[in-house]
Amino acid sequence: MTRPTGPWLLSGPYGSTGVRQPPHAHDPGGPFPAAVLFDRDGTLVADVPYNGDPARVASMPRAREAVEAVRAAGIPVGVVTNQSGLARGLLTSRQVEDVRLRVEELLGPFAVWAVCPHGPGEGCGCRKPAPGLVLAACRRLAVPPERTVVIGDIGADVEAACAAGARGVLVPTAATRPEETAAAATAAADLLAAVRFVLGSAAPVAEPAGEPRRGPRAATGEWRSSPAGPTGEPRRHRAAPTAVPRGQPALPTEEPR
């Protein structure tokens, strides 16, 4: 049996042989991260299990704004994603590439894509919550993991960040377990709120048009990291809590993600 060889690193606009410098350099000791890595399914785009069809790719609310805000700050952006459909024979490498290209049509180019092609039983070091995807993306971008932020929608994303020495920010969705939200050190109500928090902005985030406010929000608008108890809601709850306690173990992700 062939052992896993590590993640796939798909070419981004920075090319395969080097990293383009950001528009302006940040102080290594300053408040900005050196890179921001996003989970794909459920974070940047709607989660369609084992999706190999670009026509089914739909961006999550405020995703374009969020990614553009990071780019505007001169910070490289990347994607770290588990794609076990490859190991299961449900996806081809061409389909993964076609979906990647569609995501970039919707959200703009990413500096690096780190993809785990393995199944959950293969014992690889790259499938989240293992740190391999985050570490590989950081190596490609030539940035230290400890100055990198990983944004995702489930506990495995935050666990992978922690295991790599990076910082994780959870953006819960209807598929996020309450226990995963409770275990995250930092959670945000949506992707743009997460990015504004990462970039250090305390400006309130406006509610999306036509969408009512659900539950309490933090004084800064849409994020906070102060302790609070778990909600006790079922797995598929609509309104994700914005406050989370620290120090509780996150649950492993469900398949197929």
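Helices here are DSSP runs of H or I with at least four residues, strands are E runs of at least two, and both are numbered from the N terminus. With that, let's start at helix 2. Helix 2 is followed by G108, whose phi is positive, near 90 degrees.

A word on the source. This is a predicted model, in which local features need pLDDT of at least 70 and side-chain atom pairs count only at pLDDT 80 or more, while totals for chains, interfaces and linings use all residues. Residues are numbered from 1 along each chain as its sequence is written, and side-chain values use heavy atoms, with hydrogens and water left out.

Back to helix 2, residues 93–107. The expected span of a helix is 1.5 Å times one less than its number of residues.

Which residues of helix 2 are buried? Buried means under 20% relative accessible area, exposed means over 50%, and partly exposed lies in between, using a 1.4 Å probe and protein chains only. They are V96, E97, V99, R100, V103, E104 and L107. Those residues cover an arc of only 160 degrees around the axis, so they sit on the same side of helix 2. The arc is taken from the directions from the helix axis to the C-beta atoms. Here is the background: an α-helix has 3.6 residues a turn, so residues three or four places apart point the same way.

What covers that side? Among the covering elements are strand 1 (8–10), helix 1 (63–72) and strand 4 (112–116). Contact here means heavy atoms within 4.5 Å.

Helix 1 next. Its buried residues are A63, A66, V67, V70 and R71. They span an arc of only 135 degrees, which puts them on the same side of helix 1. They pack against strand 2, strand 3, helix 2 and helix 6. After helix 1 comes G74, with a positive phi near 80 degrees.

Now strand 4. Why call it largely enclosed? Because five of its five residues are buried. V112, A114 and C116 lie on one side, W113 and V115 on the other. In a regular strand, side chains alternate between the two faces of the sheet.

Strand 4 has partners. Two strands pair if DSSP finds at least two bridges between them. Strand 1 pairs with strand 4 in the antiparallel sense, over three bridges. There, W8 stands opposite V115. Strand 3 (residues 77–82) pairs with strand 4 in the parallel sense, over five bridges. There, N82 stands opposite C116.

P7 and W113 are 106 residues apart in sequence, yet 9.6 Å apart in space, C-alpha to C-alpha.

Last, the cores. A nonpolar core is a set of buried Ala, Val, Leu, Ile, Met, Phe, Trp, Tyr and Cys residues joined through side-chain atoms within 4.5 Å. The largest one has 34 residues, and those with the most contacts inside it are V36, F38, L44, V103, F110, I151 and L191. Elements that each supply at least two of its residues include helix 1, helix 2 and strand 4. The largest share, six residues, comes from helix 6. Apart from this core lies another, of 21 residues, among them A34, L37, V80 and C124.
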